[in-house]
Amino acid sequence: MEEIGFLGMGIMGKAMAVNLLRHGFKVTVWNRTLSRCDELVQHGASVGETPAAVVKKCKYTIAMLSDPAAALSVVFDKDGALEQLCGGKGYIDMSTVDADTSSKISEAITSKGGSFLEGPVSGSKKPAEDGQLVILAAGDKALYDHVLPAFDVLGKKSFFLGQVGNGAKMKLVVNMVMGSMMNAFSEGIVLADKSGLDPHTLLDVLDLGAIANPMFKMKGPAMIKHSYPPAFPLKHQQKDMRLALALGDENAVPMPVAAAANEAFKKARSLGLGDHDFSAVFETVGKGAQSST
C-alpha cells in the first residue's frame with residue numbers, strides 16, 4: 001500500500017502510527033509539537049514539517065486529534081491539509097468529533113477533488129497499542145476499501161456506516177454509554193466501601209454477573225487505589241458527553257442519566273483531573289471518596 005501520512009501523535013495517534021510501522025507500512029508523521037515525533041523516527045517514520053507537507057507526500061493521510069477545534073485547524077489553518085488535497089488523495093479523520101465537524105471537513109476535501117472518510121475508534125491506549133480498536137467508518141466507500149489493509153492493522157473490526165456523520169454519531173453514543181456506566185460504577189464502589197463492604201469483593205461479584213465487562217475489570221482495582229494513569233483523558237470523555245448531549249438535543253431525546261454523568265465529569269475537571277484517566281470521576285463521589293481500604 002502507498003505511504004500513509006499520520007497527523008497527531010497523542011496517546012492514540014502515536015500507538016496507531018507505531019502499529020502501522022511495525023506491520024511494514026511507510027509512514028510520515030506530524031504533530032503540532034514536532035518533538036513528539038522523535039520516538040516515531042526511531043521506529044522508521046519520516047517527519048513532515050506541516051500537515052500540508054504530509055498530505056503532499058502521501059496518497060492517504062490519517063488524522064487523530066483531540067477535539068473538533070484541533071480537527072478543523074489541521075485542515076483549514078495555514079499550511080493545513082486542505083492546501084495540498086486534490087484528486088487521487090484521501091483524508092481519513094479518526095478523531096472523535098461531532099457530525100457537523102465531520103461534514104465541514106468532508107465538504108472542504110471533496111470540493112478540492114479529494115476523498116474523505118471519518119473513522120473514529122472505540123478503544124483507548126491499550127487496544128490502540130495492540131491493534132484491537134473498533135473502527136466506525138463512514139463516507140467514501142471506495143476510500144474505505146483502499147485503506148482497509150491499514151484498518152485491519154489498527155483494529156480488530158471495522159464497520160462501514162454509510163454517510164459522513166454516522167461514524168461520529170455512533171462514537172458519541174458509545175462514549176455516552178461508557179461515561180454513564182463509569183459514574184454508576186464509581187458510586188457503587190464508594191457505596192460498598194461506606195457500607196462496610198470490601199470494594200475488591202464487589203469487583204469479583206460484578207465480574208461474575210450479567211454486567212461483567214472489560215472496563216470494570218481493568219479500571220476497578222486502580223480506582224480503589226485512587227490511581228488514574230491516562231488511557232483516555234477525562235477532559236476528552238467530558239467533551240464527548242457534551243457532544244452526545246447536543247446530539248440528544250438535536251433529536252429531542254431526553255438523557256437525564258447522561259446529563260448527570262456529564263456534570264460529574266465537569267466537576268472532576270474543576271478539581272484539576274482533566275488530564276487523568278476518565279475513571280478519575282471516582283474522586284467526585286462522596287467528596288473525594290476516600291476509601292478506607
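# A tour from paired strands to aromatic rings

Begin by selecting strand β5 (residues 90–93) and strand β6, which run parallel and are joined by 4 bridges; strands, runs of E of at least two residues, and helices, runs of H or I of at least four, are taken from DSSP and numbered from the N terminus, and two strands pair if DSSP finds at least two bridges between them. What you have open is a predicted model, in which local features need pLDDT of at least 70 and side-chain atom pairs count only at pLDDT 80 or more, while totals for chains, interfaces and linings use all residues. Residues are numbered from 1 along each chain as its sequence is written, and side-chain values use heavy atoms, with hydrogens and water left out.

**The strands**

Next, pick out Tyr91, whose bridge partner in β6 is Phe116.

**The annotated lysine**

Where does Lys171 lie? Select helix α8 (residues 166–194), and you will find Lys171 within this helix. The UniProt record, an unreviewed entry, annotates Lys171 as "active site"; its positions are given in the numbering used here, feature names are shortened, and such annotations may be inferred rather than shown by experiment. Lys171 counts as buried because its relative accessibility is 6%. Apart from neighbours within four places in sequence, Lys171 is in contact (heavy atoms within 4.5 Å) with Thr96, Pro120, Val121 and Leu136.

**The aromatic rings**

A pair of aromatic rings is described by the distance of the centres and the angle of the planes. Rings of Phe, Tyr and Trp (its six-membered ring) pair if their centres lie within 6.5 Å, and planes under 30 degrees apart count as stacked, over 60 as edge-to-face and the rest as tilted; by this rule there are 5 aromatic pairs. One of them is the tilted pair of Tyr144 and Phe160, at 5.1 Å centre to centre with 50° between the planes. Tyr144 belongs to helix α7 (residues 141–154) and Phe160 to strand β9 (residues 155–160), so the pair ties together parts 16 residues apart in sequence. Tyr144 is buried at 7% relative accessible area, whereas Phe160, at 28%, is partly exposed.

Then move to Phe185 and Phe216, a stacked pair with 4.0 Å centre to centre and 10° between the planes. This pair links distant parts of the chain, since Phe185 is in helix α8 and Phe216 in helix α10 (residues 214–224), 31 residues apart. Phe185 is buried at 4% relative accessibility, and Phe216 is buried with a relative accessible area of 10%.

Finally, return to Phe160, which forms one aromatic cluster with Tyr144 and Phe151.

Technical notes
Buried < 20%, exposed > 50% of the residue type's maximum accessible area, 1.4 Å probe, protein only.
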